[in-house]
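Colleague: Could you walk me through this one? I'd like to learn how to read its features.

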Amino acid sequence: MYKIQLFIQSLFLVLSFELVYLSEFSHADVGTAAHYRTPYLPTACYGNDATQFPSSNLFASAGEGIWDNGAACGRQYLVRCISAAHPRTCIPGQTIQIRIVDRALSSVSRPSRHGATIVLSKTAFRMIARPSTSYINIEFQQV
């Protein structure tokens, strides 16, 4: 009887943790992320203003699906890697908060893959995925 009770308590704890973890992204969208590297200036949002970049270097260019005719500038998103073409590409449990500073279609630096929902800075991409891949599948939510 004790083993059954212990099993049920353990199961309850695991399910509670999963519900809390999943609720963070309960209203999230799914898309793809690529990466790009310097030069980042000028940007479609803020031109040559170097202060537009967060000190953490966690920023991105918006793909056409979220660009919203420039309204995406300054928006912040929670982003996490959910899968990739190669196993073990995603870094488990990593979620980052990025700021949109550019439009992917017109950025000075070309993305690692065209058509991505979000094109992350190299630093941001490496926080959630192994850098050897050109794109990943993501879950993202505006903050």
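Colleague: How many helices and strands are there in the chain?

Modeller: There are 3 helices and 6 strands, where helices (H or I, at least four residues) and strands (E, at least two) are DSSP runs numbered from the N terminus. Their order from the N terminus is α-β-β-α-β-β-β-α-β. Keep in mind that this is a predicted model: local features need pLDDT of at least 70, side-chain atom pairs count only at pLDDT 80 or more, and totals for chains, interfaces and linings use all residues. Residues are numbered from 1 along each chain as its sequence is written, and side-chain values use heavy atoms, with hydrogens and water left out.

Colleague: What share of the residues is buried?

Modeller: Buried means under 20% relative accessible area, exposed over 50%, and partly exposed in between (1.4 Å probe, protein chains only). Here, 36% of the 143 residues are buried.

Colleague: And how do I read the contacts with a separation of 6 or more?

Modeller: A contact is heavy atoms within 4.5 Å. In this chain, 78% of the contacts with a separation of 6 or more link residues 24 or more positions apart.

Colleague: Which residues touch the most other members of the largest nonpolar core?

Modeller: A nonpolar core is a set of buried Ala, Val, Leu, Ile, Met, Phe, Trp, Tyr and Cys residues joined through side-chain atoms within 4.5 Å. The largest has 24 residues, and Val 79, Ile 98, Ile 100, Ile 118, Leu 120 and Ile 136 touch the most other members. Elements giving two or more residues to this core include β3 (76-83), β4 (96-103) and β6 (135-142). Apart from this core lies another, of 9 residues, with Tyr 36, Phe 53, Phe 59 and Ala 116 among them.

Colleague: What does Val 79 touch, leaving out residues up to four places away in sequence?

Modeller: Its partners include Ile 96, Ile 98, Ile 118, Ile 128, Ile 138 and Phe 140, along with Gln 94 and Glu 139.

Colleague: Why does Phe 125 count as buried?

Modeller: Phe 125, in helix α3, counts as buried because its relative accessibility is 0%. Beyond four places in sequence, Phe 125 touches Ala 33, Ala 34, His 35 and Tyr 135, among others. His 35 is 90 residues away along the chain, yet the two C-alpha atoms are separated by 6.2 Å.

Colleague: Where does Ser 121 lie?

Modeller: Ser 121 lies in strand β5, and it counts as buried because its relative accessibility is 1%. Leaving aside neighbours within four places, the contacts of Ser 121 are Tyr 36, Tyr 40, Asn 57, Leu 58, Phe 59 and Ala 60.
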